[in-house]
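Please keep the sequence and the structure open while reading.

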Amino acid sequence: MTLTIRSLALTGALLAAGAAQAQDIFVGYQAPLTGTQSQYGEVFRNAATMQLEKFNAAGGVAGHKVQIVYEDSKSDPKEAVNIARKFVDDKRIVAVLGDFASGPSMAAGEVYGKEGMPQLSQTASHPDFLKVSNWQFRNITTQAQEGPFNAKWLRDGGIKTVAVIGLQNDWGLSATGEFTKAFESLGGKVTSTELFNPGARDFKAILTKVSQAKPDAIYFAMFYEEGALILQQAKQLNVNAKLYSASPFYAPKLIELAGPAAEGVLLSTTFVADSPLPNVTAFVAEYKKRYNSEPNQFAAQAFDAVGIMLDAIKRVGATATRAQIRDSLAATANYPGVTGATTFDKTTREPNKTLAKLQIKGGKFVLAP
């Protein structure tokens, strides 16, 4: 009888140990999966699925698989806050990815900062995002970096005057403001700045207005949906200025929607799909195979964000706390992503990344001369 009891006890202990060994690790991901910006949430989830499956197939975290729990923020700050509270209350979740836009990311970040949850956004580029608390991270360049980079590019190319057209939201105001400040500091003149509300479709009045001053160039701070429309309408109005854009124009869909009107547009990006680097070619090939489309910058950013988060969790181990993962994220150095190597600054937590110059030529994105 004693032997039987001991055997049962041992069996129970082994089963319990096996269950603990097999226990999954959970990460939350908030993104717009429905609504007007759902196309971004879709590519985030596509890229995240690829990265997660690869990670788990390689053994996960000491044999423990990681699961991602998705919640639809609709890119709404109020909804983002509700999701943040839900994730914080779920004790299984050790870290969070997202949101998409800076507004919802910062709103949710207030909750994460107070409750001690590490948050890594693939796209929140507002300069104040990392100022919310010490729990926020991002792997995308900010407009504080991209704006001056593009301003210098224009000035080095002989552009003396520029009109700026941007989206009227947190990101758009940051993008137009940082570019304008840098361009003027380099001796350039901004002839006019025009902002439009999200969802606008008719840009002819704005284009006509900014063209009256005959600027050497027009700088677009918007996403590819509005971008395709404004490029078509600029072509219809025979706008002669050179056309430059912030990085959200880097999407194959822009060329598909705008057609010949996209020809000649210049833009900056951290991701180049036709890069010869092995990790980039492998990512692009797998993404095309799975989803029958070429990955854009947003897919690449999400792929790297998930990879950075999983790497941070793996370095700490399967029993990592939220605080330990936060510190592990902060220690990220030279993560070899498809958007380049990522290192978080020890003081600011800003990612140090390199921007590339692209041009749309022959219906394709190519490196600008």
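## Basis

The model is predicted.

Five strands make up an open sheet with parallel pairing, in the order 2-1-3-4-5. Its edges are strand 2 (66–72) and strand 5 (136–138); each has a single partner strand, so one side of each is left without a neighbour in the sheet. From one strand to the next, the twist averages 25 degrees.

Strand 1 and strand 3 run parallel and are joined by four bridges, and Y29 has L97 in strand 3 as its bridge partner. Two bridges connect strand 3 to strand 4, again in parallel; here V96 is partnered by Q119 in strand 4. Between these two strands the chain passes through helix 4, and this β-α-β crossover is right-handed. Strand 4 (residues 119–121) is in turn joined to strand 5 by three bridges, and these strands run parallel. The bridge partner of S121 in strand 5 is R138.

## Helices on the five-stranded sheet

Helix 4 (residues 102–115) lies across strand 1 (25–31), strand 3 (93–97), strand 4 and strand 5, and it runs at about 165 degrees to strand 4. Helix 11 (residues 297–316) lies across strand 1, strand 2, strand 3 and strand 4; its angle to strand 3 is about 155 degrees.

Seven bridges join strand 6 (residues 161–167) to strand 7, and the two run parallel. V162 has V190 in strand 7 as its bridge partner.

## Aromatic pairs

The whole structure contains 23 aromatic pairs. One of them joins Y250 and F271 edge-to-face, with 6.1 Å centre to centre and 65 degrees between the planes. Y250 lies in the loop between strand 9 (242–245) and helix 9 (252–258), and F271 in the loop between strand 10 (266–269) and helix 10 (278–291), so the pair ties together parts that are 21 residues apart in sequence. Both Y250 and F271 are buried.

F283 and Y287 form a tilted pair, 6.0 Å centre to centre with 55 degrees between the planes. Both lie in helix 10, four residues apart, about one turn of the helix. F283 counts as buried because its relative accessibility is 2%, under the 20% cut-off. Y287 is buried as well, with a relative accessible area of 2%.

## Ring cluster and charges over rings

Ring pairs link Y29, Y40, F44, Y70, F100, W171, F223, Y224 and F298 into a cluster. Two arginines are placed over rings: the charged end of R92 sits over F26, 4.2 Å from the ring centre, and that of R349 sits over F137, 5.8 Å from the ring centre.

Terms used: Residues numbered from 1 in each chain as written. Predicted model: local features only at pLDDT ≥ 70, side-chain atom pairs only at ≥ 80, totals over all residues. Heavy atoms only, no water. Pairing = 2+ DSSP bridges. Axes fitted to C-alpha atoms, helices over the stretch in contact; angles between N-to-C directions. Contact = heavy atoms within 4.5 Å. Right-handed = clockwise from strand over helix to strand, strands pointing away. Phe/Tyr/Trp six-rings, centres within 6.5 Å; stacked < 30°, edge-to-face > 60°. Buried < 20%, exposed > 50% of the residue type's maximum accessible area, 1.4 Å probe, protein only. Lys NZ or Arg CZ within 6 Å of the ring centre and 35° of its normal.
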